[in-house]
Amino acid sequence: MRAPFTQLFRGIEPKGTTVFLGSLVALLGQPADLCAQGLFEQALGGSAPIDGGSQTVQQSIQAPLTFDSAPLSYELNGSIRADLFVGKQSDYPQGELKSGEGELSLQFRARKRPWGDAYADVRLRGGYQAGQWHPAASVREAYVNLYLGPLDVRLGQQIVVWGRADGINPTNNITPQDLSRFSADEDERRLGNVGLRLRSQWHILQLEAIWMPIYRASRLPQMAIGGPIALGAPDLPDEKLQHGLAAGRISLLGAKFDCSFSYVFGHAPQPGLAFETLHITDGQPSIALTLRPYQQHVLGFDFQTTLANWLGLRGEVAWRQPLDHGQAEHIPAPDVQWVVGLDREFAGHLHLIAQYHGRAVIDWQAPAAPLSLSELGALPQPLPQAMAASMEAQIRAEVARNAQILHSQTARWQHAAML
């Protein structure tokens, strides 16, 4: 019998190398100028999405209509893209296709001045990933905006992106991500969730509140599990309102310095790995695991400014306090993460970014030694209670060790740099 725990996170640990060969994007439609209303305008017009949000508007078709003496306009955007990724496992002699797919993306916008607008993003995708063909059709976002004087309201399925750093955002803990998808664009991994978003601004002060009543988990890479271990269906929270997520942010938007303070409480988008059951049949163990979310408090701060009018400085820091830490193996330890980065653009053609990322795990404990089920041999029937308790304790310790990999908490102090 193999020791299956050592293979559990083969799809998550960075083994081997993956290379992005290329991407082809074809645009649909003709360019048009639009006039958006309210604080959410960047998500509906122009070229810069809100908070680094769902997509960049590329080209559009617009036609004016009339309704109750107020203009009603709509536009249709679209793109076609193709991606191909090849890679090589360090312990395998030949290269292999990691992912190859094509995608049709359609975005529809309707605007009723001056009261509000609506937006929908539909994706049709088909291709090869993780050894299988994956056709997919999804509604990435679909929401309406209402502009009520100083208050903007957004309701529906939406992507929320907080933080100002590139790639790694410790303060971004609201909507999930598709961590299993290969993409050269970080935005392509973001997933929407149904919720309510309120925003209001007075001069340089901006207030924002978010409520996500339904939990949606991030998609994780495929886990290679074998032997007596089975990963069951995720153990997700029910749809009771008390299990929703609430968040708030206060931002100061100055001419030379922007910053914000944020707070989030609710289930983390990325669930943890949990032990479920242990059964002994004919002397052989059968172990069931599950993915189980946990609730957490997250306090965050982010900022951006310019040094000497030519060098950008951005950063963020977040303190995470999971509830019931230490009472279950799927709940990570409290930690503090921070990111500091510099960026410089040269003549509009070259953009250089350098970032440092750090993490300090509070109350960190060294992972348990790997458990080899092959050393157990045939187990007596019925299994003595003391032996069953000892086996379950060892299995939980091994699950907790793999959960540390999932939560990036394999060391008390961690450092990374990116250029």
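Accessible areas here come from the Shrake-Rupley method with a 1.4 Å probe, and for residues only the protein chains shown count as cover. On that basis the protein has an accessible surface of about 21,100 Å², and 60% of it belongs to carbon and sulfur atoms.

This is a predicted model, where local features need pLDDT of at least 70, side-chain atom pairs count only at pLDDT 80 or more, and totals for chains, interfaces and linings use all residues. Residues are numbered from 1 along each chain as its sequence is written, and side-chain values use heavy atoms, with hydrogens and water left out.

Confidence next. pLDDT is the predictor's confidence in each residue, from 0 to 100. Its mean for the protein is 82, with 79% of residues at 70 or more. Residues 29-67 have pLDDT below 50, and this stretch makes 116 contacts in the model beyond near neighbours in sequence; a contact means heavy atoms within 4.5 Å. Where pLDDT is low, the predicted coordinates should not be read in detail.

Now the fold. There are 20 strands and one helix, taken as DSSP runs numbered from the N terminus, with helices being H or I of at least four residues and strands E of at least two. Of the contacts with a separation of 6 or more, 65% join residues 24 or more positions apart. Of the 419 residues, 42% are buried, meaning under 20% relative accessible area, against over 50% for exposed and in between for partly exposed, with a 1.4 Å probe and protein chains only.

Leaving out residues up to four places away in sequence, Val139 touches Asp121 and Gln157. The C-alpha atoms of Val139 and Arg123 are 6.3 Å apart, at 16 residues apart in sequence.

On a 1 Å grid over the protein atoms alone, a cavity is a set of points where a 1.4 Å probe fits but cannot get out; a pocket is an open set with protein on both sides within 12 Å along at least five of seven lines; lining residues have an atom within 4 Å of a point. Grid points are joined across faces, edges and corners, and a volume is the space filled by probe spheres set on the points.

The count is two cavities of 30 Å³ or more. The largest cavity holds about 90 Å³. Its lining has 14 residues, with Ile174, Asn193, Tyr215, Leu245 and His267 closest to the centre.

The second largest pocket has a volume of about 400 Å³. It is lined by 22 residues, and those closest to its centre are His325, Ile331, Gln365, Ala400 and Gln404.
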